[in-house]
Amino acid sequence: MEPRREARTPRDTVARPPGVSTTSVRGVEERREGGASPAAPASDPEADCASADGLWVLPVEPIARRPECGRCSRPQKVCLCPFLPAHPLHISTHLYIIQHPAEENKVLRTVPLLEACLPQDKCKVKIGRRFSEERDTELSTVCRKSGTLIFYPGAEAANLEEFILDSAVYPSTIIIIDGTWSQAKDIFYKNPLFRLPKQVQLKTNISSQYVIRMQPTNRCLSTLECAAVALSILEKNNYIQETLLRPLQALCSFQLQHGAQIRLSKEHLLRNGLYPKPMPKNRRKLRKIELLMNSVKI
C-alpha cells in the first residue's frame with residue numbers, strides 16, 4: 001500500500017488583481033520567507049505630483065471658533081461683562097479710533113472693551129492704513145474742526161492739560177491711533193489728514209497696566225488707557241478713568257492666572273541688561289535703543 005501524499009496547492013492559483021505580474025507575487029513570497037527584498041522601483045515625479053494635486057480636492061472642515069460675547073467680544077467662558085459698567089458712560093466728547101488692520105483680529109485687543117463702555121454715537125472705530133478726504137468725508141470733516149485733537153507723542157505735541165487751559169475752543173473730539181508704535185507712526189505720518197488737528201500728548205507718571213503686552217517704555221499706554229486718561233481730563237471726571245480701566249485689569253489678571261507672563265517694557269529690559277535680542281547693527285535702530293536707555297522720547 002502506497003503512502004498517502006500531502007496535496008499541494010500551486011502558488012499561482014492565488015487570485016491576484018489585474019496588472020500584477022507573477023514575478024511581483026513571487027517577490028512578496030520571497031520576502032515573507034526571509035529572502036532579500038528587491039530594489040524599490042524609481043518613483044515617477046509626474047505620478048507623485050498628480051497624487052499631491054488630488055489633496056486639494058479633499059474637503060476641509062472649517063475651524064470652529066469659540067462663541068463670543070456680543071458685548072465685550074471675548075469668548076463666553078472668559079466674558080468680561082461683569083467688569084463693564086451696567087450702562088454706557090455719559091460723556092460729551094466724541095472719540096474716533098483709527099485702527100490698523102492688523103489689530104482687528106488680535107485676541108487681547110482693548111478697543112472692544114472701550115466700545116462696550118461708551119455710547120455708540122460717541123465712540124467710532126475706523127479701520128485702515130490710508131485715509132483721504134475723498135474716501136472718508138466724515139473723517140475729513142472731523143479733522144478740519146477746530147475742536148478736534150489727535151493724540152500722538154512728539155516734539156510738536158502739546159500737553160493736553162496745558163492746552164485746554166489756553167485754548168479758546170474747548171476740545172469736543174479726540175482721535176487716537178490703535179496699533180503698534182511702528183504702525184501708529186506709519187499711519188500718522190503717511191496720512192496728511194491727521195496733520196490737520198492739533199497734536200497733543202499725555203504727560204503723566206502713570207505706568208501702563210496692560211502688563212501682558214510689551215511696551216517701548218514704562219510711560220507708554222495702551223489705546224484704552226490713553227482714552228481713559230484723556231476722557232477723564234476733558235470730562236473732568238476721574239470716575240471715567242476708573243471705570244474704563246476695570247475690564248483691562250480683569251483681562252490681565254485672568255491671563256496671568258492662566259499662564260501668561262508679565263511683559264516688562266523694552267526700556268526696563270535694556271536698562272537692566274535683560275534684553276534677550278542682540279544689539280542691532282543698523283545705526284538708526286541702535287540710536288533708538290540708546291534713546292530708550294536714556295529715557296529720551298523718540
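A salt bridge is a side-chain nitrogen of Lys or Arg within 4 Å of a carboxyl oxygen of Asp or Glu. The exercises below apply this and related criteria to a predicted model, in which local features need pLDDT of at least 70 and side-chain atom pairs count only at pLDDT 80 or more, while totals for chains, interfaces and linings use all residues. Residues are numbered from 1 along each chain as its sequence is written, and side-chain values use heavy atoms, with hydrogens and water left out.

**Exercise 1. Salt bridges**

Task: Find how many salt bridges the whole structure holds, and describe the pair formed by Lys-126 and Asp-136.

Solution.
- Step 1. Searching the whole structure gives nine salt bridges.
- Step 2. One of them joins the side chains of Lys-126 and Asp-136, at 3.3 Å from N to O.
- Step 3. This pair links distant parts of the chain, ten residues apart: Lys-126 is in strand β2 (residues 123-127) and Asp-136 in the loop between β2 and α4 (137-144). Helices (H or I, at least four residues) and strands (E, at least two) are DSSP runs, numbered from the N terminus.
- Step 4. Buried means under 20% relative accessible area, exposed over 50%, and partly exposed in between (1.4 Å probe, protein chains only). Lys-126, at 16%, is buried, and Asp-136, at 12%, is buried.
- Step 5. Arg-195 and Glu-156 also meet through their side chains in a salt bridge, at 3.5 Å from N to O. Arg-195 lies in the loop between α6 and β6 and Glu-156 in the loop between β3 and β4 (158-159), so this pair ties together parts 39 residues apart in sequence.
- Step 6. Arg-195 is partly exposed at 38%, whereas Glu-156 is exposed at 59%.
- Step 7. Shared partners join Lys-124, Lys-126, Asp-136 and Glu-138 into one network of salt bridges.

**Exercise 2. The surroundings of Glu-103**

Task: Decide whether Glu-103 is buried or exposed, and list what Glu-103 touches.

Solution.
- Step 1. Glu-103 sits in the loop between β1 and α3 (111-117).
- Step 2. With a relative accessible area of 2%, Glu-103 is buried.
- Step 3. Contact means heavy atoms within 4.5 Å. Not counting residues up to four places away in sequence, Glu-103 touches Arg-109, Asp-178, Gly-179, Thr-180, Gln-183 and Arg-213.
- Step 4. The side chain of Glu-103 meets that of Lys-106 in a salt bridge of 3.0 Å, N to O; Lys-106 is partly exposed at 29%.

**Exercise 3. The buried side of α6**

Task: Which residues of helix α6 (residues 181-189) are buried, and what covers them?

Solution.
- Step 1. The buried residues in α6 are Gln-183, Ala-184, Ile-187 and Phe-188.
- Step 2. They lie on the same side of α6 because they cover an arc of only 130° around the axis. The arc is that of the directions from the helix axis to the C-beta atoms.
- Step 3. An α-helix has 3.6 residues a turn, so residues three or four places apart point the same way.
- Step 4. Their cover includes β1 (94-99), β3 (148-151), β5 (173-178) and β6 (198-201).

**Exercise 4. Cysteines**

Task: How many disulfides does the structure hold?

Solution.
- Step 1. A disulfide is a pair of cysteine sulfur atoms within 2.5 Å.
- Step 2. The structure holds zero disulfides. For Cys-79, the nearest cysteine sulfur is that of Cys-81, 3.4 Å away, which is too far for a bond.
- Step 3. Cys-79 is partly exposed, with a relative accessible area of 25%.
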